[in-house]
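Biologist: I am new to this model and would like a close look at one part of it, with some context from elsewhere in the chain.

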Amino acid sequence: MNLDPWSLLKASFEGDDSGTAILSIDRSSKKFEIILKNENFAFLEKEIDLKEFLSQKINNSDYTTELIYKTNGKILETSFGKFQFPEGLKNKEYTKFFIKDITTKQRQEEEIAWRLRFELGVASSIQILIQQHSIREGLPQALYQLLYFTEMDSVFFLKYELEGEKDKFQIWANERKTTKYPLIPKKCENENWYDLGLGRWFHKLKNGKTIYLTPNKALPREKWFLTETKAEILLLIPVLFENKFLGIMGFLKYKKNSPIQHENLLIYQTVSRWMGLFVQRDLDLTELNRYKSSLESLVLERTLALTKTKEELERAYKAKTEFLAHMSHELRTPLNSIIGFSKLIQLPETDETGKEYLNYIYTGGTRLLNMINEILNLMKIESGQIKIQITTFRPEDICRQTLELIQPQANAKKMEIRFRPPIESKPVTSDSGKILQILLNLLSNAIKYTNHPYIELDCEWIDGSLEISVRDFGPGISIDDQNRIFHTFTRLNDDGNIEGTGLGLTISQGLAIRLGGTLELQSQLGQGSVFKLKLPEIIK
Ligand code: ADP
């Protein structure tokens, strides 16, 4: 094959993106000559004063890459390739020299860097808003942060408010890159925008539209705003939350002829969208706080009213207790006479009816006297007047005394009482009379309300406290009734056949508490009940 090296070299140059040339340089004289160039080079070399550029570079032996920013906006990159020394010619050298048009690439890189910067600004201002309790406090700082990262010079947020029928704005924030530019006019805050000649803007914004204006595009009646703010570009974006108009985000730019690119406009709109979220969050929080404080004052009010009612009730209750105690006492005296005399009246043997009536008087009177005594007892417990007589005794002795007293009632029902004294016999310091009264009541109930051949009375020491239980195998008491029966005048299945007042358990529980102990009930329907009196070893 017959190869022509020169044509081959020329062919290898064409089709390159960059302008490529081969330079021959004389090292001693610093003279240079372009011995070969491709089409692109021929095109691009016109953009610079190549001769001047190269002679400067070569004179300074500066073979670094250089960027040339041209006034028409173009950016060119010049660079050198590797150097070659031809055989035998020590002073001569060859190198490649490139010129590239990197305008687009450079613009893209700048764009990316700018966007990153902007996003950084957005992120950091969001961060500020998230950390603040109230958006109003954090907003100026957040917007200043945002502004710093944008091409804009001034930013403001106007919070929309509807006062009655009147549309109003409040300036929540107004930040500028430098104070040499004015703040936005105060009248935008209080006056109606229609009266200010800005009705068209207001209408559009309220309908979710963005306003992007330069002074020559503003209507004559709107121009004052741009003059007063010295703005060359005005950008107003509605701040919405779920279509509700919350306010306006405004941006001003003071530089002439530097329009905002469409992509950037979208970013500003995004910023306004998250502003909507924050403003709404702030409104919700304010609302919540309002509810909270009105709830607090309501609670306070109710508490005061309740305290008053409680005091009134306590006073009324005390008055009732005193009245009943007094009445009971007054009733007892005549009743005692009636019972006494009914026993003394002698009627002829033949007067059966008279005797029957006399018996009614006697039993009715006795029952009434019992009830009055119990009421008196209860009143004393409730008003704290009950007197406690403390002695030291063995609890099993009191149990035995009680058994003796209750025996006739048990015998009448042919019921056995099984008593288990404590394993360890030791004394208790308490009121024996009150314990006897409680046990009498519990045993009497167990006999009255059950029909099993026996009931049990257990006395034992458990963990240093005294436990006396009365167990029966009767009908038992339902869970619902278990609390109820300790209330005054509660009688379950009261059919009038069994005598009672419904006060016994109330009194017993009151006494147990007065002795520093408790009276508890465990019961299951159909299985029977256990009433357990727990008392401390020594009453405090
Ligand atoms: P009273 O015996 O005078 O009616 P209590 O206060 O002593 O009053 O008892 C309240 C009610 O509790 C009784 O009317 C009865 O219905 C129920 N009761 C009490 N003890 C028992 C028991 N051991 N078994 C079933 N029911 C009982």
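What relative accessibility does K230 have?

Modeller: K230 has a relative accessibility of 49% and so counts as partly exposed; buried means under 20% relative accessible area, exposed over 50%, and partly exposed in between (1.4 Å probe, protein chains only). The model is predicted, so local features need pLDDT of at least 70 and side-chain atom pairs pLDDT 80 or more, while totals for chains, interfaces and linings use all residues. Residues are numbered from 1 along each chain as its sequence is written, and side-chain values use heavy atoms, without hydrogens or water.

K230 lies in the loop between α8 (223–229) and β9 (233–241); helices (H or I, at least four residues) and strands (E, at least two) are DSSP runs numbered from the N terminus. The phi of K230 is near 60 degrees, a positive value in a residue other than glycine. Most residues other than glycine have a negative phi.

K30 can be set beside it. The phi of K30 is also positive and near 60 degrees, and K30 is not a glycine. The loop that holds K30 runs between β1 and β2 (32–37). K30 counts as partly exposed because its relative accessibility is 29%.

Next come the charged pairs. A search of the whole structure finds 27 salt bridges, each a side-chain nitrogen of Lys or Arg within 4 Å of a carboxyl oxygen of Asp or Glu. In one of them, K57 pairs with E66, and their closest N and O atoms are 2.9 Å apart. K57 counts as buried because its relative accessible area is 3%, whereas E66, at 29% relative accessibility, is partly exposed.

Another salt bridge joins E349 and K355, with 3.5 Å between the closest N and O atoms. E349 counts as exposed because its relative accessibility is 65%. K355, at 30%, is partly exposed.

A further salt bridge links E456 with R420, where the closest N and O atoms are 3.7 Å apart. This pair connects distant parts of the chain: E456 belongs to strand β14 (residues 454–462) and R420 to strand β12 (residues 416–420), 36 residues apart. E456 counts as buried because its relative accessibility is 13%, while R420 has 47% and is partly exposed. Through salt bridges that share partners, R420, E456, D458 and R471 form one network.
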